[in-house]
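Biologist: I am meeting this structure for the first time and would like to go through it slowly, one place after another. Could we look at it together before I start asking?

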Amino acid sequence: MTTHHVLGLSGGKDSAALAIYMRENFPELDIQYFFTDTGEELPEVYEFLGKLEGLLGRKINYLNPDRDFKFWLRHNGNFLPSPQTRWCTIKLKLQPFKAWVNEWLNKGDEVVSYVAIRADEEHRDGMQSHHKNLKVKLPFRENGLNKEDVLDILEASGLGLPKYYDWRSRSGCTFCFFQQKIEWVRLKERHPEAFENAKNMEKTAIDNGTRFTWSQNEPLAELEKPERMEQIKRDFEARKQRELANRRINPLRVCSSENLDLDDLYLEDEGGGACLVCHK
């Protein structure tokens, strides 16, 4: 029986650090890296993956779903996905992965999938295996590596963090419904075409009777009004200054006001509840 080793990349820091960690500590493993591409990712995600591919010296397999997001939106009656109905993750992330590995599993081969859940994420579970020959391993948790270790790995490798962490807390689709309101404001400022795309899909959904909007209880057409955007910025700045005033200084890792963790600011678990395959 042949064993295939695979490692999924989201475009986020943890999975990138795990890829580097596995290359450095288990060079004997022939790991295939993959990224499930929704076609709705930030440009910064593709840029980061390109740099990571060069660092690893291995090609990243891009798994594309057979239908894009807008097809599945129409298929679901133009009702947007939500934390309760995450059809986007199932159709655009999980199903392409299963189709890829099933070619091996159906032949009787074994697949070992490495997932970047850390030792300091006791609340998280790994992907549930759908086949007896699909094994899931959590190297960071098994070896006691936490968030600080991830940052150290990325810094030592020269890769660093993805550029979108300057203004956003997660990878994944541009219109991820787990974004904070300040992230929607920043999306409009940095990628106005992506904001317009999300706003148009939301309008179609509202016209078809959905009660759900991308940003909780606030349509993007209201959120983008200049006075509302300024209010969101003021509220965020006040929250940030409170956090800085209460934060203990770590002399070994200086934290500037520009790189505070958004999830920490909003008292969220890292990722804010977002699917692991999207933001890790």
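Biologist: In which loop is Gly57 found?

Modeller: This is a predicted model, in which local features need pLDDT of at least 70 and side-chain atom pairs count only at pLDDT 80 or more, while totals for chains, interfaces and linings use all residues. Residues are numbered from 1 along each chain as its sequence is written, and side-chain values use heavy atoms, with hydrogens and water left out. Helices (H or I, at least four residues) and strands (E, at least two) are DSSP runs numbered from the N terminus. In those terms, Gly57 belongs to the loop between helix H2 (43-56) and strand S3 (60-63).

Biologist: Is Gly57 buried or exposed?

Modeller: The relative accessible area of Gly57 is 62%. Buried means under 20%, exposed over 50% and partly exposed in between, with a 1.4 Å probe and protein chains only. Gly57 therefore counts as exposed.

Biologist: How many residues along the chain separate Ala99 and Pro65?

Modeller: Ala99 has its place in helix H4 (residues 87-105), and because its relative accessibility is 45%, it counts as partly exposed. The C-alpha atoms of Ala99 and Pro65 are separated by 9.5 Å, whereas along the chain the separation is 34 residues.

Biologist: Which residue's backbone oxygen does the side chain of Asn133 reach?

Modeller: Asn133 sits in the loop between strand S4 (110-114) and strand S5 (134-137), and with a relative accessible area of 13% it is buried. Leaving aside residues up to four places away in sequence, Asn133 touches Met1, Leu105, Gly108, Asp109, Glu110 and Val111, where contact means heavy atoms within 4.5 Å. At 3.5 Å, the backbone oxygen reached by the side chain of Asn133 is that of Asp109.

Biologist: How many nonpolar residues does the contact of H1 with H6 have?

Modeller: The axes of helix H1 (residues 13-25) and helix H6 (residues 147-157) come within 9 Å and cross at roughly 65°; axes are lines fitted to C-alpha atoms, for helices over the stretch in contact, and angles run from 0 to 180 degrees between N-to-C directions. The contact is made by Lys13, Asp14, Ala16, Ala17, Ile20 and Tyr21 of H1 and by Lys147, Val150, Leu151, Ile153, Leu154 and Ser157 of H6. Ala, Val, Leu, Ile, Met, Phe, Trp, Tyr, Cys and Pro count as nonpolar, Asp, Glu, Lys and Arg as charged, and the others, Gly among them, as polar. By class, the contact of H1 with H6 has one polar residue, three charged ones and, as the nonpolar number, eight.

Biologist: And how many residues of the contact of H7 with H8 are charged?

Modeller: Helix H7 (residues 181-190) and helix H8 (residues 192-207) pack at an angle of about 120°, with their axes 5 Å apart. H7 is therefore oblique to H8, given that angles under 35 degrees count as roughly parallel, over 145 as roughly antiparallel, 65 to 115 as roughly perpendicular and the rest as oblique. Trp184, Leu187, Lys188, Glu189 and Arg190 of H7 meet Pro192, Ala194, Phe195, Glu196 and Ala198 of H8. These residues divide into six nonpolar and no polar, with the charged ones numbering four.

Biologist: At roughly what angle do the axes of H7 and helix H10 cross?

Modeller: H7 and H10 (residues 226-246) have axes that come within 9 Å, and the two helices are oblique to each other. Their crossing angle is roughly 125°.

Biologist: Is Asn78 buried or exposed?

Modeller: Asn78 lies in the loop between helix H3 (69-75) and H4, and its phi is near 60°, a positive value in a residue other than glycine. Because its relative accessibility is 17%, Asn78 counts as buried.

Biologist: Finally, what percentage of the residues of the protein count as buried?

Modeller: The protein has twelve helices and five strands. Among contacts between residues at least 6 apart in sequence, 70% join residues at least 24 apart. Of the 280 residues of the protein, the share counted as buried is 50%.

Methods:
Polar contact = N/O pair within 3.5 Å; in protein donor to acceptor, adjacent residues only side chain to side chain.
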